[in-house]
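Colleague: I am new to this structure and would like to learn how to read its features one at a time. Could we begin with a single side chain and work outwards from there?

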Amino acid sequence: MEFEISMFLRQYWNDPRLIVDSSILTRPVMLDDKVASIIWKTDIYIVNQKKLEIHALEKEHKFLRLSANGDVMLSYK
């Protein structure tokens, strides 16, 4: 059985190296894909995957949210 899927992928993790003083960063900050390309990210593994295609878009649909306690959320489309 084969099927195709188009989805959003969101990853959440905590990186203690990204902890910032909460008096400086009072709420989560959204960062662009340039920052997302230079920080450590988890590896994604999809069991029984036959083929993965990432569509080329004019503007990449990726954003990163960073909280003062080091919580990271990375979202892809």
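Modeller: Let us begin with W13, keeping in mind that this is a predicted model: W13 has a relative accessible area of 11%, and because buried means under 20%, W13 counts as buried.

Colleague: Which aromatic pair does the structure hold, and how are its planes set?

Modeller: Ring pairs are read from the distance between centres and the angle between planes, where planes over 60 degrees apart count as edge-to-face. The structure holds one aromatic pair; the ring centres of W13 and W40 are 6.0 Å apart and their planes stand at 85°, so the pair is edge-to-face. Since W13 belongs to strand β1 while W40 sits in the loop between α1 (33-36) and β3 (62-66), the pair ties together parts that are 27 residues apart in sequence.

Colleague: Is W40 buried, exposed or partly exposed?

Modeller: W40 is partly exposed, its relative accessible area being 49%.

Colleague: In what order do the elements of the chain run?

Modeller: The chain has one helix and four strands, and from the N terminus on they follow the order β-β-α-β-β.

Colleague: Which residues make the nonpolar surface patch?

Modeller: Such a patch is made of residues with over 30% relative accessible area. Here M1, F3, I5 and M7 make a nonpolar surface patch of about 580 Å²; F3, which lies in the segment before β1 (9-14), is exposed, with a relative accessible area of 65%.

Colleague: How much of the whole chain counts as buried?

Modeller: Of its 77 residues, 21% count as buried.

Conventions
Residues numbered from 1 in each chain as written. Predicted model: local features only at pLDDT ≥ 70, side-chain atom pairs only at ≥ 80, totals over all residues. Heavy atoms only, no water. Patch = residues over 30% accessible without salt bridge, like charges linked within 9 Å, V, L, I, M, F, W, Y side chains within 5 Å. Areas by Shrake-Rupley, 256 points an atom, 1.4 Å probe, with all protein chains shown as cover. Salt bridge = Lys/Arg side-chain N within 4 Å of Asp/Glu carboxyl O. Helix = DSSP H or I, 4+ residues; strand = E, 2+ residues; numbered from the N terminus. Buried < 20%, exposed > 50% of the residue type's maximum accessible area, 1.4 Å probe, protein only. Phe/Tyr/Trp six-rings, centres within 6.5 Å; stacked < 30°, edge-to-face > 60°.
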